[in-house]
Amino acid sequence: MSQSEREIKIAPSILACDFMNMERELRSIETADLIHVDVMDGRFVPNLTIGPPIVRQIKAIATRPLDVHLMIEAPERSLEQYVEAGADIVGVHAETCPHLHGTLGVIRRLGARSCAVLNPSTPAEAIEHVLDEVDQILVMTVNPGFGGQSFIEAMLPKIERIRGWIDGRGLAIDLEVDGGIKEENVGRAAAAGANVCVAGTSVVEPPSLDRKPRIDALRQAARAALA
Ligand code: DX5
Ligand code: ZN
């Protein structure tokens with residue numbers, strides 16, 4: 001597949017949304033391709049967010065697939081709960097999975113798409129030998145835990161390297177970026193090889209129920225970089 005044919009997907013993160021009005025918030029981002037759901041346990045990352053019961057409630061009202069990003073220790077203990085709650089894609093951090101290949105296989109067998117996530121300091125090689133079990137790779141472009149941080153430009157060569165493996169081996173793996181993504185930098189991430197772009201603050205803030213233009217602008221900026 002040539003670079004210009006690569007499908008760009010925009011995945012707003014609901015982390016910055018108003019959780020007391022989630023149905024309204026979800027309606028405002030339903031022109032996106034995926035809904036990115038950040039699960040944090042207060043241990044792997046300092047912040048604490050939501051668990052399976054809330055994922056289930058989000059699933060009941062969402063019209064787009066849920067891309068669930070598990071920033072939790074020992075994720076293998078709760079994979080089944082997240083898939084049952086409605087996660088379509090389940091992302092686990094390489095740093096939390098001593099048996100990453102096996103854990104990705106379990107996610108697939110449970111019926112979800114598997115995603116391996118890399119912290120900024122984790123080299124691309126951490127996933128080089130699990131490509132046969134992975135449907136998506138997420139390169140964190142900030143240190144996980146909080147929204148609103150700045151995109152780390154030093155992640156671009158890592159994205160290029162992983163895109164080289166995917167295309168070179170003819171694999172159907174999505175390559176996702178998460179953290180500090182906005183209209184000014186999404187083109188650089190897409191040109192490096194990312195095709196799934198998570199955006200929290202740049203889509204959600206300032207609060208508005210008209211978020212379609214922000215989603216469209218991100219998609220156009222990413223596509224323009226591939227033309
Ligand atoms: C960070 C989360 C992100 C976050 C992105 O730990 O994984 O998904 O919501 O937010 P922004 O786009 O504001 O960096
Ligand atoms: Zn995330």
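In which helix is the place of Ile54? Ile54 sits in helix H2, which spans residues 52–61. All views below come from a predicted model.

**View 1. A nonpolar surface patch that includes Ile54.** Phe19, Met20 and Ile54 make this patch, with an area of about 310 Å². Ile54 has a relative accessible area of 33% and is therefore partly exposed, since that class lies between the buried limit of under 20% and the exposed limit of over 50%.

**View 2. Protein donors of the zinc ion (ligand 2).** The donors from the protein are His36 through NE2, Asp38 through OD, His69 through ND1 and Asp178 through OD, at 2.1 to 2.3 Å from the zinc ion. Six donor atoms surround the zinc ion, and the arrangement is octahedral because they subtend angles of 71 to 169°. Ideal angles for six octahedral donors are 90 or 180 degrees.

**View 3. The two histidine donors, His36 and His69.** Along the sequence, the donor residues of the zinc ion (ligand 2) follow the spacing H-x1-D-x30-H-x108-D. His36 belongs to strand E2 (residues 35–40) and His69 to strand E3 (residues 66–71), so the pair ties together parts 33 residues apart in sequence. His36 is buried, at 0% relative accessible area, and His69 is buried as well, at 2%.

View 4. Arg211 counts as buried because its relative accessibility is 1%. Its side chain makes a polar contact of 3.0 Å with the side chain of Glu25. The Arg211 side chain also reaches the backbone oxygen of Val204, at 3.0 Å.

Technical notes: Residues numbered from 1 in each chain as written. Chains lettered and ligands numbered in written order. Predicted model: local features only at pLDDT ≥ 70, side-chain atom pairs only at ≥ 80, totals over all residues. Heavy atoms only, no water. Patch = residues over 30% accessible without salt bridge, like charges linked within 9 Å, V, L, I, M, F, W, Y side chains within 5 Å. Areas by Shrake-Rupley, 256 points an atom, 1.4 Å probe, with all protein chains shown as cover. Salt bridge = Lys/Arg side-chain N within 4 Å of Asp/Glu carboxyl O. Helix = DSSP H or I, 4+ residues; strand = E, 2+ residues; numbered from the N terminus. Buried < 20%, exposed > 50% of the residue type's maximum accessible area, 1.4 Å probe, protein only. Donors = N, O, S within 2.8 Å, 3.2 Å for Na, K, Ca; no water. Tetrahedral: all angles 85-135°; square planar, octahedral: opposite > 155°, others 65-115°. Polar contact = N/O pair within 3.5 Å; in protein donor to acceptor, adjacent residues only side chain to side chain.
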